Amino acid sequence: MKIIKAEIFMVNLEPKVKRVDAIQSFISQETPIVRLTTQSGLVGEGYTYTIGTGGSSVIALLKDHLLPRLIGCDASMIEEIWESLLFSTHSTSVGAITSLSLAAIDTALWDLKCKRMQLPLYKVAGGAKSKMRLYTTEGGWLHLSTQELVDDALAVKAKGFCGSKIKIGSENPVRDIARLDAVRKAVGDDYVIMTDCNQAFKYSEGKQRAALLEHINLSWIEEPFLAHDVDSHKKLCESTVIPVAVGESIYSIQHFKEYLQNNAADIIQVDVARIGGITPWLKVAHMAECFNKIVCPHFLMELHVSLCCAITNSRWLEYIPQLDSVTLAPVTIENGFAFPPEEAGLGIRWDWEKIQNETLVHIVIE
């Protein structure tokens with residue numbers, strides 16, 4: 001399992017639909033992909049992402065500092081490698097670029113591990129269940145009309161999806177409430193509705209929105225405040241019956257520990273790329289279980305479907321397809337459930353011919 005070669009590719013993926021939330025418009029997904037080749041010829045493939053900025057910085061950190069350290073390492077020593085690379089970047093940790101870079105490597109190492117064991121990721125990482133309920137975010141963006149929100153929710157409900165997430169953060173809170181009221185009336189009480197604020201509010205604004213939303217029976221209100229603001233999230237948890245969801249913008253295990261110890265979040269939305277890979281993702285998920293918290297990860301459904309099926313405390317998987325254009329097969333979905341791949345490894349079947357034709361970067365380190 002000695003690593004003899006590391007490669008970096010990067011493709012730029014355009015969203016399938018227009019994505020607008022309270023603070024930004026999601027116009028591209030920079031996707032760095034790492035391939036690690038071992039002395040035996042086994043190849044592991046991992047990836048990470050940005051939402052349009054920072055991709056070149058991830059590539060630079062991988063090329064100049066992290067991947068050269070892997071040459072000659074035993075790929076089966078995943079914990080040792082992760083800790084060593086984190087320590088080697090102590091002057092830039094904890095931070096988005098470092099965590100995103102570590103994730104590309106760590107997911108490739110787990111791909112190698114699963115392939116060596118000839119088992120799929122969801123079984124190697126825990127094997128808790130064989131399918132996940134889906135909710136969609138693709139039809140809930142802030143720029144959409146109320147009728148478009150209703151139409152999408154009805155359409156995905158008919159396909160068996162359990163719910164929809166709808167963006168809020170309009171200047172006039174009445175608009176947010178009216179949109180959500182219309183969706184609830186259309187789909188009925190047996191359908192899950194989540195809201196996402198994208199860190200747009202000050203405490204007083206978030207407290208007001210939550211109070212106005214309580215009658216709609218929401219499954220959560222997501223990121224009402226800046227991700228580092230544990231105190232405000234804690235106060236909101238104490239003042240509203242709506243579960244508070246946090247985690248997509250958290251980049252360290254220790255920060256999740258602060259949220260859990262302070263009971264400042266009800267739903268843990270750990271993102272495998274932003275936390276630094278599968279190794280820390282599983283630690284956060286198990287830590288959340290110790291606090292009796294639900295895990296519902298952010299984005300990356302092609303990888304999170306396997307991780308959610310590896311743990312007992314996952315509840316719903318976010319439907320935002322993004323890798324279809326560079327993979328040979330999409331996630332298997334039937335009657336509103338997503339099924340983890342059964343092939344050995346991460347189960348993401350990359351279309352290498354297309355990736356090589358469209359790559360913005362290809363770097364080889366030996």
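Visitor: Hello! Which strands does helix α1 (residues 55–70) lie across?

Guide: Helix α1 lies across β1, β4 (29–38) and β16, and runs at about 175 degrees to β1. Helices (H or I, at least four residues) and strands (E, at least two) are DSSP runs, numbered from the N terminus. Axes are lines fitted to C-alpha atoms, for helices over the stretch in contact, with angles from 0 to 180 degrees between N-to-C directions. Helix α3 (residues 96–117) packs on the sheet too, touching β1, β4 and β5, and its direction makes about 145 degrees with that of β5; contact means heavy atoms within 4.5 Å.

This is a predicted model: local features need pLDDT of at least 70 and side-chain atom pairs count only at pLDDT 80 or more, while totals for chains, interfaces and linings use all residues. Residues are numbered from 1 along each chain as its sequence is written, and side-chain values use heavy atoms, leaving out hydrogens and water.

Visitor: In what order do the 4 strands of the open sheet come?

Guide: Strands of a sheet pair through backbone hydrogen bonds, either parallel or antiparallel. Here the order is β5-β4-β1-β16, with antiparallel pairing; two strands pair if DSSP finds at least two bridges between them. At the edges are β5 (43–47) and β16 (361–365), each pairing on one side only. From one strand to the next, the twist averages 15 degrees.

Visitor: How many bridges join β1 to β16?

Guide: There are 5 bridges between β1 (residues 3–13) and β16. To find this pair by eye, look for Phe-9, which stands opposite His-362 in β16.

Visitor: At what angle do helix α5 and helix α6 cross?

Guide: The axes of α5 (residues 146–158) and α6 (residues 173–187) cross at roughly 30 degrees and come within 9 Å.

Visitor: Is Glu-223 buried or exposed?

Guide: Buried means under 20% relative accessible area, exposed over 50%, and partly exposed in between (1.4 Å probe, protein chains only). Glu-223 is buried, at 1%. Its phi is near 40 degrees, a positive value in a residue other than glycine. Asn-292 also is not a glycine and has a positive phi, of about 60 degrees, but Asn-292 is exposed at 73% relative accessibility.
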